[in-house]
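Hi there,

Here is the structure I promised to pass along. Have a look at it first, and then read on for what turned up.

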Amino acid sequence: MLIGVDLDGTLEDSRRDMVAVARRVRTQLKLPARPDSAMMPWVNKGMNELYLACFDDYIGSDGARLTEVRQRYETDYLDHVAVETRLYPGIGPAVERLSMLGALACVTNKPERISWRLLEVLGVSKFFTTVIGGDTCPKGKPDPMMLEAAARRCGFEKKPSRTVMIGDTPADLAMGQAYGASTIWCAWGYANQPGDERPDWIAHAPDQLPELVREAFGIQTD
């Protein structure tokens, strides 16, 4: 059984750290300052979208400059991955319990190595079998390719008989549904509503996640 879990907005809130990285990189490039409020909406849209929106006055249509921004951003983010980022209250114990119910995979738009580093700093990396980042596969959410990659890395030779995808955005739910997974929407995340995608379950607090996954897998509660 496979359990996919989103990172940003599901396990933690990293928006302020991500905006801070963008601010520092703009300073490195000698670009005029932008208010955090102008950059905040882009930090959970995918990394390329963040680069193109927050550095549009530098990148333009220059692919080499996009590559430069990506390298500068990832280097700085690795060095400042959890200055203000913390797990949501109750997530640590919930993740540990989830890891006992199936192979646990973090499926996120964040680059893979940064995601591993963040999970390590936050003290929960040991509970994850793998991390599938936004740079792991040719396609990202809502394409099911990321969950397919997670299944392979977790040792499934064929599609797991049961899969659950946990996340806070419509893209998480759409990816899970496209893969054939049961879906759980986290009401504490970045999105106020699950959008047009209808989740199978709604978790209002992290401590509800293990029991909802047990229900999805048909595991009887002791």
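Where is Thr-169 found? In this predicted model, Thr-169 sits in the loop between strand S4 (163-167) and H9. Thr-169 is buried because its relative accessible area, 19%, falls under 20%. Its side chain makes a polar contact with the side chain of Asp-172 (2.9 Å).

Helix H9 (residues 170-179) also meets helix H8 (residues 145-153): their axes come within 8 Å and cross at roughly 65°. Met-146, Leu-147, Glu-148 and Ala-151 of H8 make this contact with Met-175, Gly-176 and Tyr-179 of H9. Five of these residues are nonpolar, one is polar and one is charged.

On to the cores. The largest nonpolar core has 53 residues, and Phe-55, Tyr-73, Phe-128, Ile-166 and Val-213 have the most contacts inside it. Another core, of 16 residues, lies apart from it, with Ala-151 and Cys-137 among them. Leaving aside residues up to four places away in sequence, Tyr-73 touches Met-18, Val-21, Ala-22, Val-25, Met-47, Leu-50, Tyr-51 and Phe-55.

Asp-76 is buried, at 8% relative accessible area, while Arg-24 is partly exposed, at 29%. There is also a network of salt bridges linking Arg-26, Arg-34, Asp-56 and Asp-57.

Best wishes

Technical notes. Residues are numbered from 1 along each chain as its sequence is written. This is a predicted model: local features need pLDDT of at least 70, side-chain atom pairs count only at pLDDT 80 or more; totals for chains, interfaces and linings use all residues. Side-chain values use heavy atoms; hydrogens and water are left out. A nonpolar core is a set of buried Ala, Val, Leu, Ile, Met, Phe, Trp, Tyr and Cys residues joined through side-chain atoms within 4.5 Å. Buried means under 20% relative accessible area, exposed over 50%, partly exposed in between (1.4 Å probe, protein chains only). Contact means heavy atoms within 4.5 Å. Axes are lines fitted to C-alpha atoms, for helices over the stretch in contact, and angles run from 0 to 180 degrees between N-to-C directions. Helices (H or I, at least four residues) and strands (E, at least two) are DSSP runs, numbered from the N terminus. Ala, Val, Leu, Ile, Met, Phe, Trp, Tyr, Cys and Pro count as nonpolar, Asp, Glu, Lys and Arg as charged, and the others, Gly among them, as polar. A polar contact is a pair of N or O atoms within 3.5 Å; within protein, one must be able to donate a hydrogen and the other to accept it, and residues adjacent in sequence count only if both atoms are side-chain atoms. A salt bridge is a side-chain nitrogen of Lys or Arg within 4 Å of a carboxyl oxygen of Asp or Glu.
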